[in-house]
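Hello,

Here is the structure I promised to pass on.

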Amino acid sequence: MRSRTVTGGDGVDIYVEEHGPRDGRPLLLIHGFSQCRLAWTPQFESALAEDYRLVAMDCRGHGESGTPEEYADSRLWADDVRAVIEGLALDDAVLVGWSYGGLVVSDYLAVHGDDALAGVVLVGAITEKGTADADRFAGEEFVALGSGLESDDAEQSVAALDAFVRLCVEGDLDDATRYRMLGYNAAVPPHVRAALQGRTVDHEATLPSVETPVLLLHGEEDPVVRPAAARKHADLFPNARLLTYDGVGHSPFVEAPDRFESDLRTFVDDL
């Protein structure tokens, strides 16, 4: 494992962890809401790390990255991603965005385009926030946790986070995984979660201009982001392929890692 910090859009420190050969195809992994780079631990420990350069960033306000005041501006999120790509010389990178990470990827595409990319992978992802469709695609159980996830009351916040962690997978988590996930979710300040949820962003007009190949992976049982979101994305991106996972929830890379890694490998190797 290698780690470093780069300077993001408004001077914020963006922490990056890297696994795999330096000369492998770079896959930039971008986690979801209230998570961190450790969400990708199954992939760090998989055969993917033998063949590809796996680079996972902590988004602003998450993990070991800085906690600035500003989260609304798409350009800042886009510049954070660009800082990682340029700072680590990730030539022809594939962006892999999970959940809210799909919005971060879309921020990057809207601001900087896809010229520096070889491909895009969206996993259980969103690409908009604060719109009618964004509300339609959000699962009821996740929406119901909103006030708790943004609460400054420790007991209420932890209870909501524990429920959220459980929503992220279909079925039960073992205790070690559950408490590890709860720990890095709890490390995100409530005001950051509130700021992320309070954004208004719509990339529907810009995503059809993305020419790079796009792979869409989505669990059919996802209670956080409804599968209808992926079907909309399949219509928006001109070069998209959609694969859905029966019996899988919000985290295909955790719940069905072998299939996820095989699908990802096939997509990347065909670029």
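To start with a question: does Ile 85 count as buried or exposed? Ile 85 counts as buried because its relative accessibility is 7% (buried means under 20% relative accessible area, exposed over 50%, partly exposed in between, with a 1.4 Å probe and protein chains only).

Before going further, a word on the basis: this is a predicted model, where local features need pLDDT of at least 70, side-chain atom pairs count only at pLDDT 80 or more, and totals for chains, interfaces and linings use all residues. Residues are numbered from 1 along each chain as its sequence is written, and side-chain values use heavy atoms, with hydrogens and water left out.

Ile 85 sits in helix 3, residues 74–87 (helices are DSSP runs of H or I with at least four residues, strands are E runs of at least two, both numbered from the N terminus). Setting aside neighbours within four places in sequence, Ile 85 contacts Leu 28, Leu 90, Leu 95, Tyr 108 and Leu 117 (contact means heavy atoms within 4.5 Å).

Tyr 108 is also one of the buried residues of helix 4. Helix 4 is largely enclosed by the rest of the structure, because ten of its 13 residues are buried. Just after helix 4, Gly 113 has a positive phi of about 75°.

Finally, an unreviewed UniProt entry annotates residues 26–257 as "domain: AB hydrolase-1"; such annotations may be inferred rather than shown by experiment, and positions follow the numbering used here, with feature names shortened. Over residues 26–257, the chain is 42% helix and 17% strand.

Best wishes
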